[in-house]
Amino acid sequence: MKRIKVLFRRLAKERRTGLIAYLTCGDPGVAESVEIALALEQAGADALELGAPFSDPIADGPVIQAASQRSLERGTTIADVLEIARSVRAQSTIPLIVFSYLNPILRFGVERFAGEAAAAGVDAVLFTDLPPEAAKEIRGTFHAAGLGTIFLAAPTSTDERLARIDRASDGFVYYVSTTGVTGARRELDAELVERLQAVRGKLRNPVAVGFGISERDHYLALEGKCDAVVVGSAIVRAIAEGEASSAAGRAAEVVRRILGN
Amino acid sequence: MAPLDELESSYRSAMRDRAFRRELDDLLRDFVGRATPLTEAKRFAAECGDFRLFLKREDLNHTGAHKINNALGQALLARRMGKQRIIAETGAGQHGVATATACALLGLECRVYMGEVDMARQELNVFRMRLLGAEVVPVASGSRTLKDAINEAIRDWVTNVRTTHYIIGSVLGPHPYPKIVRDFQSVIGREAVAQLKKRTGKLPDVALACVGGGSNAIGLFFPLLKEKSVRLIGVEAGGRGTGPGDHAARFLGGAPGVLHGTRSMVLQDEHGQIGETHSISAGLDYPSIGPEHAYWAGEGRIEFSSCSDEAAVGAFRKLSATEGIIPALESAHALGYLIERGKEIAPGSIVLVNLSGRGDKDVPQVAEMDRKAAER
């Protein structure tokens, strides 16, 4: 949990907009995911979202749906996601956020997950399908183990809900750029920058913006308007487009391109 | 969450509005054809055991199933909320047809998501929806059935939520959907209880319904929940066997879990990935069940049983031949239970079954099965 707070403090001090990179764990394989994660950090990613594959990813667009499907066909489990976290943590201090649907972790056992994830070096968990209203118990269990929770805010979130999401989130709030599912988009939502200005003023937490961010132009448009951006589908697509052995290089290239490195 | 909060408050205010309720009641009478009859099925009952059997004839609703009760209610609600675009998912196609019908009637735009497997086995309903002006979108992901159609409908809804209302077809999804759908469907139970009392002077001893998501079942059961003398039995799809992927009986092979924004009994593997399902009837082919059913099962108030594909087809044939009523394969599961276990019902009992839909849509599928059997 602490690593996330330290990161956002550093970003604020450096007046820099961070980049959080997402990967679907186990696509193309567990060992490759570790390599990809480390390459993403090398390329300039400030934090990593480790996506746990799920059979029915309703918040995801076609790219991450397909990656989840491939990963599940290879037999990736929550234990593998934790193994990836452990391997990355052994070589890096980068903040690690597990991005998951609720059911696989319920099945794994919330308490067991909290203990094992914290031991593996995971800092926080973001559930796509758990609103803070229903998260009290899970948050308690996670906190006891030293694991944070991050919640999603949407363009349709009312002020009252924003406040609730803010209170329940540890380290940052994940702001969804537009109504919809994950996936690279050519252009950002026209009202995003304006909305961010209003939203930021209402939150005590830093704000990371995700869904649709895939281009250098998007990063530039959001630079200084939020604390970090999340890049997912663009990375996942690059991983899928070519040999498994060179996936890490392709993933890193996406981050370098967006950061202009 | 904000759209769900908006839906809940709009629904509450609509139900307090006498004009809204009257418009719905008028349409249910003049357009849908309610009240539906209660038919005593003497010849069918005589072959199953020693009890009187009454069928609540939801098959005689306009569009041929109970689905229209909810579709019409929610379409009126959408119009009241100022949402001109409607989306829906459908399994057997009955909810899709009902939604397309309500949208045609009220002048709303309609898009229906349907799994490719279901589109193939329910071709007639696909054509009906298109005739009614709906756009039918094939879903090619996952098992290409109801679950995947719901995934796509949810993705559409979160994208277009400001202009669009999602008419979910069963007592599923996040709150307040299970409650809204239950309320619109409980007209079935209210009518049936009144009709049965008038006919026999009694409440039923046993009430039975097939359970996919569970909307026809909760519609029948809801007014009977407080009548402790009435046995309530939900019949799930037993499919072709008891192994994973061979059935859709959540109480046989499921575990507590979260799918589509609701916590209930879910068919899943040891890693929490949602299980594949099989049922001969597209409308029961879903890995989870309405959360209220899971609750009442836990309380011991609703019992759950299952009926195999084969027994359901047997009941489909038997009701056709003995009563002149061709039931939907979904509804035939409730009747299949009576064929298999009717002897266990105390002599002289009054049994009430929700005949949730008519079987016209299933005739080509059963005819195809017969053709294949003849070839073998």
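Confidence in chain B of this predicted model is summarised by a mean pLDDT of 96. In that chain, 100% of the residues reach 70 or more. For the model as a whole, ipTM is 0.95 and pTM is 0.96.

Helix 1 of chain B covers residues 2-16. The helix has 15 residues, which at 1.5 Å a residue should span 21 Å. Its end C-alpha atoms are 21 Å apart, so the span agrees with expectation. The buried residues of this helix are Ala2(B), Pro3(B), Leu4(B), Leu7(B), Glu8(B), Ser10(B), Tyr11(B) and Ala14(B). Their spacing can be read against a general rule. An α-helix has 3.6 residues a turn, so residues three or four places apart point the same way. The cover over the buried residues of helix 1 comes from both chains. Chain A contributes helix 8 (159-168). From chain B, the cover includes helix 2 (18-32), helix 4 (67-80), helix 8 (146-160), strand 6 and helix 9 (177-185).

Helix 2 of chain A runs over residues 30-43 and has 14 residues. From its first C-alpha to its last, this helix reaches 20 Å. That is close to the 20 Å expected at 1.5 Å a residue. Buried positions in the helix are Ser33(A), Val34(A), Ile36(A), Ala37(A), Leu38(A), Ala39(A), Leu40(A) and Ala43(A). Strands and helices of chain A take part in covering them. The strands include strand 1 (18-24) and strand 2 (47-51). The helices include helix 4 (78-91), helix 11 (233-240) and helix 12 (247-259). Gly44(A) follows helix 2 of chain A and has a positive phi, near 125°. The peptide bond from Asp27(A) to Pro28(A) is cis, with omega near 5°.

Chain B also has a cis peptide bond, between Arg34(B) and Ala35(B). Omega there is about 0°. Ala35(B) sits in the loop between helix 2 and strand 1 (38-40) of chain B.

An open sheet in chain B is formed by 4 strands. Their order is 5-4-3-6, and the pairing is parallel. Strand 5 (135-139) and strand 6 (164-166) are the edge strands, each pairing on one side only. From one strand to the next, the twist averages 25°. Within the sheet, strand 3 (residues 85-90) and strand 4 (residues 109-115) run parallel and are joined by 6 bridges. Ile87(B) has Arg111(B), in strand 4, as its bridge partner.

Phe211(A) lies in the loop between strand 8 (207-210) and helix 10 (216-222) of chain A. Its relative accessible area is 6%, so Phe211(A) is buried. Thr63(B) is another residue other than glycine with a positive phi, near 75°. Thr63(B) is located in the loop between strand 2 (51-57) and helix 4 of chain B. Thr63(B) counts as buried because its relative accessibility is 7%.

Gln185(B) belongs to helix 9 of chain B. At 0% relative accessibility, Gln185(B) counts as buried. Residues up to four places away in sequence aside, Gln185(B) touches His66(B), Lys67(B), Asn69(B), Asn70(B), Ser215(B) and Gly219(B).

The cysteines were examined next. A disulfide is a covalent bond between the sulfur atoms of two cysteines. The sulfur atoms must lie within 2.5 Å to be assigned as a disulfide. By this rule, the count over all chains is 0. Cys48(B) is in no disulfide, and the nearest cysteine sulfur, that of Cys307(B), is 11 Å away. Cys48(B) counts as buried, at 0% relative accessibility. Cys103(B) is likewise in no disulfide. For Cys103(B), the nearest cysteine sulfur is that of Cys110(B), 4.0 Å away. Cys103(B) is buried, with a relative accessible area of 1%.

Technical notes
Residues are numbered from 1 along each chain as its sequence is written. Chains are lettered from A and ligands numbered from 1 in the order in which they are written. This is a predicted model: local features need pLDDT of at least 70, side-chain atom pairs count only at pLDDT 80 or more; totals for chains, interfaces and linings use all residues. Side-chain values use heavy atoms; hydrogens and water are left out. Helices (H or I, at least four residues) and strands (E, at least two) are DSSP runs, numbered from the N terminus. The expected span of a helix is 1.5 Å times one less than its number of residues. Buried means under 20% relative accessible area, exposed over 50%, partly exposed in between (1.4 Å probe, protein chains only). Contact means heavy atoms within 4.5 Å. Two strands pair if DSSP finds at least two bridges between them. Axes are lines fitted to C-alpha atoms, for helices over the stretch in contact, and angles run from 0 to 180 degrees between N-to-C directions. pLDDT is the predictor's confidence in each residue, from 0 to 100.
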